[in-house]
Amino acid sequence: MSRRIPPKPSVTISEGERGLWETENGKLIFTEYRGRPCALLMHEKLTAASFFRPENSAGIGAVYLGRIKNIARNIDACFVEIFSGEVCFLPMKKALSPFLVNRVYDGRLLEGDEILVQIERDAQKNKQASVTAEVSISDEWFALSLGSDGLHYSSRLDREEKQRIGDSLRDAGIICDGRITHDKEKLFSSAVPFAVPPISAVARTRLGEETDAAAHFRDIADRMASLLITAHTRSLYSCLRPAPPLWEKAFDFLAAPEEYSEIVTDDPKLYEKLSSYCEDRFPQKEVRLYEDSAITLSQLYSLKSRLDAALQ
């Protein structure tokens, strides 16, 4: 498919920039539209878009070692203090197999328990922020979560790819009967000196191209183990894992790597961050700083008309 986004007649663009909108490959674009940072996936048309607040003030995705301040049985929830004066709402259904550092979990949550939680929703007006004990981490291969032990697959994986991934994990002893094993020696490369809560995994789309899913699983499982080990060594109210920048979430939730060949931004500071990030995670992707002063990135891709059409 050939991109045909006609520029304004009065504007002259370079041959290099013309290639941005005459290519057959998708673009993952980071820019600002009407004062709001956004990420957009562009092919012949606008495929997906996500707008971000300039600052992730609530720290959504951050992991804290908090303390249960009180338990509200009548609403089946508890309230967790993650740092002095900041109390968050934790539904019991999001804490079925929590990771406690002050004692071994016995099926009960008690006031004073020191618990690992992840911010899930920021505070709104008179409502506290919400947290979950189903702490999750992800990379381009897997997403892992505490609290259950199932194996799930991206809907974009075909039957053969799912079979190959499952076979690799079964052969390594990582899954048995569709569940993640509790054998720590098979899960982690290093020793973990305590009981680990159930772990669930989602095999992501990119894993369909790989033959050794077990190696990728152990890589992210080791990151989860490191987080849990750190929880045992840090003081109460510590932030064990800061919130990822909002632009980083676009790589996980807005687009799959095969949907674009180039990453483009007109923000020099963000360009440096994207370059560093992609050098590690997506070395095959070109990261490009758009610098044409004759026409903005928003004008080049006719973002106003495309977004208006999408919202309609």
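**Close-up views of the predicted model**

**View 1. Strand 4 and its partner in strand 15.** In strand 15, Cys239 is the bridge partner of Tyr64. Strand 4 (residues 63-72) and strand 15 (residues 239-241) run antiparallel and are joined by two bridges. Strands pair here if DSSP finds at least two bridges between them. Helices (H or I, at least four residues) and strands (E, at least two) are DSSP runs, numbered from the N terminus. The model is predicted: local features need pLDDT of at least 70, side-chain atom pairs count only at pLDDT 80 or more, and totals for chains, interfaces and linings use all residues. Residues are numbered from 1 along each chain as its sequence is written, and side-chain values use heavy atoms, with hydrogens and water left out.

View 2. Leu65 stands opposite Leu116 of strand 7. Five bridges join strand 4 to strand 5, again antiparallel. There, Ile71 stands opposite Cys78. Strand 4 is mostly covered, with seven of its ten residues buried. Buried means under 20% relative accessible area, exposed over 50%, and partly exposed in between (1.4 Å probe, protein chains only). In a regular strand the side chains alternate between the two faces of the sheet.

**View 3. Two hairpins that share strand 5.** The hairpin of strand 4 and strand 5 has four residues between the strands. Asp76 takes a positive phi near 55 degrees in this hairpin. Strand 5 (residues 77-83) then pairs with strand 6 (residues 86-91) in the antiparallel sense, over six bridges. Phe83 has Glu86 of strand 6 as its bridge partner. Two residues lie between strand 5 and strand 6 in their hairpin. In that turn, Gly85 has a positive phi of about 85 degrees.

View 4. Strand 2 (residues 36-42) pairs with strand 3 in the antiparallel sense over five bridges. Ala39 has Ser50 of strand 3 as its bridge partner.

**View 5. Helix 5 against helix 6.** Helix 5 (residues 246-254) and helix 6 (residues 268-281) pack at about 40 degrees, with axes 11 Å apart. Helix 5 is therefore oblique to helix 6. Angles under 35 degrees count as roughly parallel, over 145 as roughly antiparallel, 65 to 115 as roughly perpendicular and the rest as oblique. Axes are lines fitted to C-alpha atoms, for helices over the stretch in contact, and angles run from 0 to 180 degrees between N-to-C directions. Trp247, Glu248, Phe251 and Asp252 of helix 5 meet residues of helix 6 including Leu270, Lys273 and Tyr277. Contact means heavy atoms within 4.5 Å.
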